[in-house]
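Here are some friendly notes to read alongside the structure.

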Amino acid sequence: MKKNLLGKTIFVAVVVLAFAFGIIGIPKSWDGKGLAASIQSRIHLGLDLKGGTHLILQVVVNEAVKSESDRVIERLKDELRRANIVYAEIRLPNEKDEPELIEIAGVPPESSGELRRVVADMLPDWDMLSGAENRWTLRMKPQALAQLKERSVQQAIETIRSRVDSLGVSEPVIQEHGLGQYQILVQLPGVDDPARVKDIMQSTALLEIRQSLGGPYGSEQEAMAANGGILPADAVLMRGATSARREGGPQEEWYLISRASAVAGQELRDSRPTRDEYGRPAVNFTLTGEGGRRFYAFTSAHVGDSLAVVLDNRVVEVARIEEPIRDQGRITGSFTDQQTQDLSLKLRSGALPASIQYREERTVGPSLGADSIKDGVKAAIIGLVAVMIFMLLYYHWAGINANVGLLLNLVILLGFLGLSGATLTLPGIAGVILTVGMGVDSNVLIFERIREELRSGKTPPSAVDQGFARAWLTIVDTHVTTIVSAAILFIFGTGPVRGFAVTLTFGLLANLFTAVFVSRVIFDSVLQRKERGAALSI
Amino acid sequence: MELFRNANYDFLGRKWLFMGGSAILLLVGLVSMGVRAGSWRVWEGVPLGVDFKGGTLVYVKFAHAPNEDQIRADMQEAGLANARIQRYGQPANNEVIISLEQKATSEEALDQGKVAIIQALSKNIPAGKLDLNNTGVQVLEERLLARDPLRAGSDAATRYAEVARDIAAYRDQERGGVLRSVEELRGHVDAAVLPVLQEEFFVSDFGVRNVEIVGAQVGAQLRRQAVLATLYALAGMLIYIAVRFEPVYGSAAVLAVFHDTLITIGAFSLANKEISLTVIAAILTLVGYSMNDTIVIFDRVRENLKLMRRVALAEVVNKSINQTLSRTILTSGLTFLTVLSLYLFGGEVLNGFSFALVVGILVGTYSTFGIAGPLVVLYYERKGSREGRGPVPVTADSKREREKIRAKA
């Protein structure tokens with residue numbers, strides 16, 4: 001035992017230094033300011049302590065499924081026409097809840113074999129179920145459906161990330177939240193004005209260039225009347241985006257727009273804010289090679305016609321095509337500088353595959369976060385000092401032993417947070433408190449046992465020996481029970497519960513080291529210095 | 001210094017007193033929740049906060065002492081008749097929580113409540129001006145950039161970003177989130193900036209410090225998850241204790257922890273405080289703490305059972321409680337000291353959290369000797385074991401251990 005004492009002391013010193021490094025790293029300067037800055041950069045504080053915005057978004061995955069089904073319907077119509085199969089109708093029977101269902105009606109019985117063959121060739125990801133009266137139902141295979149939904153969540157995450165990144169928020173967290181919920185967690189430290197961020201994140205920003213067939217009309221009715229009450233099959237009525245902004249009342253603007261788009265957002269390569277020839281804010285965009293070729297073909301064929309820039313199903317601008325355009329375009333409108341910046345940002349970062357809804361928002365103002373840290377730290381220090389004074393009064397010199405253990409425990413715990421990059425949250429602080437409580441408890445258990453042994457007439461060395469041996473079992477039981485529960489909480493719990501579980505688990509592991517191992521080393525070195533038979537201060 | 005030297009209190013003799021006391025505490029909590037729920041379904045009376053119910057919570061700090069009646073009237077005028085207005089923290093801080101319950105259908109329009117509350121509070125806004133107390137750094141920066149009072153030239157963006165950050169930092173850190181006038185910034189910003197600030201901004205008499213909005217669906221989901229995680233954790237503890245001791249010890253310990261949790265929740269209902277996510281963390285803390293306390297005593301019981309073969313279980317348990325009494329009081333006392341300081345000095349955000357711990361540690365300590373120990377004894381007495389003591393698992397290992405202990409004694 002005594003022979004190893006030096007080795008053990010060195011071991012303790014190395015461990016403590018390693019974790020102390022975890023807390024402060026190598027600071028640029030060793031004065032108070034440098035140290036504080038260094039600690040701040042290593043210990044990550046949760047938003048509840050630092051201030052910032054925490055959002056949970058729901059991706060409406062059914063929208064992505066629906067647009068996939070729409071695409072499939074278009075292709076299917078083409079394919080059936082080519083194969084000379086007649087049909088009465090192809091539609092989504094329940095587009096809101098089950099957009100993965102497509103219904104084909106009115107195919108004559110003699111073509112059913114042919115229909116089967118076409119579907120099997122063209123749509124390997126779909127199952128074909130027969131229904132009554134020449135009705136056929138196509139259903140996306142569950143695996144393909146799950147993949148599509150998951151892909152749209154991932155795409156939404158990427159899109160949101162690029163949008164948030166360009167906002168210049170430091171260290172944003174953007175990740176999938178929960179299993180199979182299609183939710184996204186977004187944490188934006190330091191953002192105290194979430195409205196604008198939310199606005200940018202939420203809009204789908206689907207840019208399309210379509211042909212404008214008529215308008216503007218003052219109202220929907222007027223537009224219908226101008227077209228003889230029946231719209232052409234390949235056209236839709238669309239509201240103008242500028243009408244809401246126009247001063248002097250809610251004057252509406254409607255356009256007749258082609259159903260098919262000449263170019264869509266996916267073909268956009270770049271976009272940036274600019275000014276038009278009158279110095280008004282505008283947005284420039286550049287198309288990809290393929291998109292540019294198609295745009296050129298479209299504009300060549302439609303010189304003299306009107307072209308509509310459609311953003312999220314609203315007409316932003318209508319312009320006459322003067323000459324074929326290759327791959328550059330400009331969107332003007334009554335924008336402010338801020339709006340053109342936001343719009344080009346949204347266009348650059350691509351379209352969201354489906355819209356998103358907000359489920360949860362927590363914004364902690366930086367003043368409140370700072371306040372709660374200040375109060376919390378003050379309270380923790382007062383509590384800790386009170387405990388340490390009491391331990392000294394109650395256990396005399398052995399109290400120092402306990403206090404050293406307690407402080408080292410905190411060093412190791414915080415060092416772990418620094419080394420692992422885990423985040424300290426308010427519930428995490430609860431874990432620290434329980435750790436301190438159990439740290440004190442371990443010492444009390446050992447010391448009380450040593451006292452008992454001394455009372456029964458043992459010599460100090462054997463009383464220390466016995467005290468540690470007897471208390472060890474109890475300490476293991478209490479610690480293992482608590483670590484078991486913490487592990488379970490970590491697995492099944494969400495954010496705050498997890499924060500609690502992490503600090504608790506590490507605090508308790510640290511405690512096994514400080515309260516038992518370190519404490520023993522200190523006792524042994526004290527005993528070693530004492531003369532045989534001298535009393536132990538406990 | 002020493003607390004209980006050779007303590008010998010008759011804890012087990014008073015077991016009915018303890019059980020009765022606990023029953024009363026439980027009942028008081030349940031009745032309080034029943035009254036809250038307005039029916040026999042007491043669980044509906046658990047005072048859940050926004051986290052678990054869905055709703056909007058806005059923490060507002062006022063520049064002057066807030067007039068609650070006025071706020072209430074403002075809210076009603078804005079059509080928010082169901083808004084709850086609550087003072088919190090020290091009166092000098094002028095802080096108020098305004099909360100709205102979430103209607104299950106408005107999941108999509110999550111923001112509306114917040115926006116409505118803030119609009120109801122911002123009356124008499126000078127046209128075209130922005131509220132300096134409720135403006136984010138970015139908007140502040142944009143406004144300054146547009147006016148360019150410093151004639152900053154090419155590095156304008158960085159210059160104004162810095163000025164905006166300084167202003168926000170002064171407001172948030174020095175003034176606690178609320179400026180009383182734009183004039184207050186004199187000396188803290190460049191003299192050229194101040195007139196522009198006065199032209200572009202005004203100060204309202206409030207600042208929003210914290211916003212929590214949770215959809216009802218999310219709330220229900222969180223509630224289920226928190227309860228499940230806690231139950232799983234308890235099950236894990238039960239299994240571990242059952243293996244290390246005996247199943248009845250595990251059950252008794254878990255029952256005691258349930259008892260503590262229920263009483264703490266009852267206390268929240270009585271004190272009219274809401275249970276939030278952080279309170280759940282506190283309850284988990286007390287579960288761990290109370291369990292720890294119980295295991296220490298059970299451990300002693302196990303040890304004593306091996307030493308005192310011919311003594312009735314009740315007496316062994318009583319002796320064990322007395323032997324560990326010093327430790328129980330010491331540990332609990334010291335932990336109580338820590339959480340009390342958290343409750344008293346820890347600020348408003350930690351209030352619910354530390355309240356749960358203050359109550360929980362008292363109850364958790366008491367349940368250790370008042371409930372968990374007696375439950376084990378009651379079980380074996382009921383089981384009809386003649387000597388009133390349970391079968392001690394005798395393994396080769398424990399036999400040897402016992403011999404060793406005897407030889408030493």
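1. A salt bridge here is a side-chain nitrogen of Lys or Arg within 4 Å of a carboxyl oxygen of Asp or Glu. Between chain A and chain B the count is nine salt bridges, and over all chains the structure holds 39.

2. Before going on, a word on the source: this is a predicted model, in which local features need pLDDT of at least 70 and side-chain atom pairs count only at pLDDT 80 or more, while totals for chains, interfaces and linings use all residues. Residues are numbered from 1 along each chain as its sequence is written, chains are lettered from A and ligands numbered from 1 in the order in which they are written, and side-chain values use heavy atoms, with hydrogens and water left out.

3. A:Glu361 also meets the side chain of A:Lys198 in a salt bridge, at 2.8 Å from N to O. This pair links distant parts of the chain: A:Glu361 is in strand β17 of chain A and A:Lys198 is in helix α7 of chain A, 163 residues apart. Helices (H or I, at least four residues) and strands (E, at least two) are DSSP runs, numbered from the N terminus.

4. Which strand of chain B pairs with β17(A)? The partner is β6 (residues 206–214) of chain B, and the two run in the antiparallel sense over five bridges; pairing requires that DSSP finds at least two bridges between the strands. One bridge to look at joins A:Glu360 to B:Val214 in β6(B).

5. Now for the whole interface. In total, 72 residues of chain A are in contact (heavy atoms within 4.5 Å) with 76 residues of chain B. The two chains bury about 6,700 Å² between them, 61% of it on carbon and sulfur atoms; buried area is the accessible area (1.4 Å probe) that two parts lose on being put together, summed over both.

6. There are also 20 residue pairs in polar contact between chain A and chain B, both residues at pLDDT 80 or more. A polar contact is a pair of N or O atoms within 3.5 Å; within protein, one must be able to donate a hydrogen and the other to accept it, and residues adjacent in sequence count only if both atoms are side-chain atoms. Elements of chain A that each supply at least two residues to the side touching chain B include α7 (194–202), β17 (356–364) and α11 (366–395). The largest share, 18 residues, comes from α11(A).

7. Finally, look at each chain as a whole. Chain A has 15 helices and 18 strands. Its radius of gyration is 35 Å, well over the 24 Å that the globule rule gives for 538 residues, so chain A is more spread out than a compact globule. The radius is taken over C-alpha atoms, and the rule is 2.2 Å times the number of residues to the power 0.38. Chain B comes to 14 helices and six strands. With a radius of gyration of 29 Å, well over the 22 Å from the globule rule for 409 residues, chain B is also more spread out than a compact globule.
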